[in-house]
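Please read it alongside the sequence and coordinates.

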Amino acid sequence: MNKVLFSSKKEDWETPNKLFEELDREFHFTLDACANEKNHKCINYFDEEKNGLVQDWSDQVVFCNPPYGRKLYDWVKKAYEESKKANTTIVLLIPSRTDTRYFHEYLYEKENVELRFLKGRIQFKGAKYSAPFPSLIAVLKNK
């Protein structure tokens with residue numbers, strides 16, 4: 001078992017291409033809100049320097065696989081707030097932690113949120129093993 005997956009030592013796990021491509025066929029992403037030079041999935045992306053948490057995501061179709069550490073709450077909150085803007089759709093790839101505050105405050109039973117629980121465990125690019133937690137796709141959009 002990869003002990004790094006249980007810790008906050010690495011937070012920038014790269015989304016598997018197959019999963020991203022499947023989602024991109026459906027949503028046609030225009031922005032990767034939380035990426036870096038090596039793992040970005042869209043031509044337009046915010047890296048750590050540009051800090052997607054302080055940028056405007058308006059009028060975009062956003063893919064976001066945020067860091068799974070302590071800042072995950074901030075990313076889910078940001079996605080929820082940005083999804084209230086016109087012509088903005090956000091797709092989050094996050095751990096399926098239904099017991100968390102962010103899940104209940106910003107995702108669960110919200111009118112503009114669709115939750116898709118993934119079957120099995122994701123094997124992120126560069127990881128030797130699958131993640132030790134389930135994942136979900138949260139689709140947030142202004143209806």
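Where does Glu-109 lie? In this predicted model, Glu-109 is found in the loop that runs between helix H3 (101–107) and strand S4 (113–117). Its phi is positive, about 60°, although Glu-109 is not a glycine, and with a relative accessibility of 68% the residue counts as exposed. Asp-59 is another non-glycine residue with a positive phi, here about 55°; Asp-59 sits in the loop between strand S1 (31–32) and strand S2 (61–64) and is exposed, at 53% relative accessible area. As background, most residues other than glycine have a negative phi.

Turning to charged side chains, a search of the whole structure finds 8 salt bridges, and the table lists some of them.

| Salt bridge | N to O distance |
|---|---|
| Glu-14 and Lys-125 | 3.4 Å |
| Lys-85 and Asp-56 | 2.8 Å |
| Arg-101 and Glu-105 | 3.9 Å |

The Glu-14 and Lys-125 salt bridge connects the segment before helix H1 (17–27), where Glu-14 lies, with the loop between S4 and strand S5 (135–141), where Lys-125 lies, so the pair ties together parts that are 111 residues apart in sequence. Glu-14 is buried, with a relative accessible area of 18%, whereas Lys-125 is partly exposed at 35%.

In the salt bridge between Lys-85 and Asp-56, Lys-85 belongs to the loop between helix H2 (72–82) and strand S3 (89–95) and Asp-56 to the loop between S1 and S2, so this pair ties together parts that are 29 residues apart in sequence. Both partners are partly exposed, Lys-85 with a relative accessible area of 29% and Asp-56 with 49%.

Arg-101 and Glu-105, by contrast, are both in helix H3, 4 residues apart, and are therefore separated by about one helical turn. Arg-101 counts as exposed at 54% relative accessibility, while Glu-105 counts as partly exposed at 30%. Elsewhere, salt bridges with shared partners join Asp-56, Lys-78, Glu-82 and Lys-85 into one network.

How many disulfides does the structure hold? The number is 0. The cysteine sulfur closest to that of Cys-34 belongs to Cys-64 and is 5.2 Å away, which is too far for a bond; Cys-34 itself is buried, at 18% relative accessible area. Cys-42 is likewise in no disulfide, since its nearest cysteine sulfur, again that of Cys-64, is 11 Å away, and Cys-42 counts as buried at 7% relative accessibility.

Key
Residues numbered from 1 in each chain as written. Predicted model: local features only at pLDDT ≥ 70, side-chain atom pairs only at ≥ 80, totals over all residues. Heavy atoms only, no water. Helix = DSSP H or I, 4+ residues; strand = E, 2+ residues; numbered from the N terminus. Buried < 20%, exposed > 50% of the residue type's maximum accessible area, 1.4 Å probe, protein only. Disulfide = S-S within 2.5 Å. Salt bridge = Lys/Arg side-chain N within 4 Å of Asp/Glu carboxyl O.
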